[in-house]
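I opened my notebook to record what I could look up in one structure, entry by entry.

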Amino acid sequence: MDARVKEALDRGGIADITTTGRKTGLPRRVEIYFHQFDGEYYLTGRPGFKRDWAANIKAHPEFTLNLKRGVSADLPVVGEAEADPEKRAAIIYRALTESWGSEPDRARAHLDHYVNTAPFIRFKPI
């Protein structure tokens with residue numbers, strides 16, 4: 001992998017993802033925030049309602065991460081849902097405080113809601 005692409009991937013931030021529609025089989029592209037913590041990559045979103053992109057990845061785990069801020073690259077990746085709520089909580093807490101700048105007390109106060117209702121996918125390059 002090109003060093004600039006690896007650096008952008010490790011930095012995290014805003015990118016697009018192109019998934020395969022679970023019902024239509026057609027490509028679906030959406031802007032999303034991704035994170036890198038301790039060498040692993042995650043997609044997350046705001047809690048409260050289901051997201052088509054998460055359902056698409058659960059149905060068709062291979063998708064494309066389209067880097068676009070500073071580095072342009074289309075990376076084939078594979079994703080999976082994280083079933084363990086403790087692991088989800090640890091990563092979501094880091095996303096809230098490290099990536100999105102929430103105060104730790106505020107993040108803790110809302111953590112259960114995020115763990116129970118926010119989309120969350122771990123992914124890795126293939």
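My entries follow, beginning with the ground rules and then moving from the sheet to the core and the rings.

**Ground rules.** I note that this is a predicted model, in which local features need pLDDT of at least 70 and side-chain atom pairs count only at pLDDT 80 or more, while totals for chains, interfaces and linings use all residues. I number residues from 1 along each chain as its sequence is written, and I take side-chain values from heavy atoms, with hydrogens and water left out.

I looked up the strands, taking helices (H or I, at least four residues) and strands (E, at least two) as DSSP runs numbered from the N terminus, and counting two strands as paired if DSSP finds at least two bridges between them. I found a closed barrel of 6 strands that runs 1-2-3-6-5-4, with antiparallel pairing. On average, neighbouring strands of this sheet are turned by 45° against each other, direction ignored; for such angles, axes are lines fitted to C-alpha atoms, for helices over the stretch in contact, and the values run from 0 to 180 degrees between N-to-C directions.

**Around strand 4.** I then followed strand 4 to its partners. With strand 1 it pairs in the antiparallel sense over 4 bridges, and there T18 stands opposite T64 of strand 4. With strand 5, strand 4 also pairs in the antiparallel sense, over 6 bridges, and F63 stands opposite V77 in strand 5. Strand 4 and strand 5 form a hairpin with 5 residues between them, and G70 in the turn has a positive phi of about 90°.

**Helix 2.** Which strands does helix 2 touch where it packs on the sheet? I found strand 1, strand 2, strand 3, strand 4, strand 5 and strand 6, with contact meaning heavy atoms within 4.5 Å, and the direction of helix 2 makes about 55° with that of strand 1. Its buried residues are W53, A54, N56 and I57, where buried means under 20% relative accessible area, exposed over 50% and partly exposed in between (1.4 Å probe, protein chains only). Seen down the axis of helix 2, these buried residues fall within an arc of 160°, so they line one face of the helix; the arc is that of the directions from the helix axis to the C-beta atoms. The face of helix 2 turned away from its buried side carries the exposed residues D52 and K58.

**The cores.** I next looked up nonpolar cores, each a set of buried Ala, Val, Leu, Ile, Met, Phe, Trp, Tyr and Cys residues joined through side-chain atoms within 4.5 Å. The largest has 21 residues, and those with the most contacts inside it are L43, L65, L67 and F123. Among the elements that give two or more residues to this core are helix 1 (3–11), strand 2 (27–37) and strand 6 (120–125). Apart from it lies another core, of 13 residues, among them A89, L96, A107 and Y114.

**L65 and L67.** I found L65 in strand 4, and at 0% relative accessibility L65 counts as buried. Leaving aside neighbours within four places in sequence, L65 is in contact with residues including L9, I17, F34, V77 and F123.

**Aromatic pairs.** Rings of Phe, Tyr and Trp (its six-membered ring) pair if their centres lie within 6.5 Å, and planes under 30 degrees apart count as stacked, over 60 as edge-to-face and the rest as tilted. By this rule I have 6 aromatic pairs. Y33 and W100 form an edge-to-face pair, 5.9 Å centre to centre with 70° between the planes. Y33 lies in strand 2 and W100 in the loop between helix 3 (85–99) and helix 4 (104–117), 67 residues apart. Y33 is partly exposed, with a relative accessible area of 26%, and W100 also counts as partly exposed, at 30%.

F63 and F123 form an edge-to-face pair as well, 6.0 Å centre to centre with 65° between the planes. F63 lies in strand 4 and F123 in strand 6, so the pair ties together parts that are 60 residues apart in sequence. Are F63 and F123 buried or exposed? Both are buried, and F34, Y41, F63 and F123 form one aromatic cluster.
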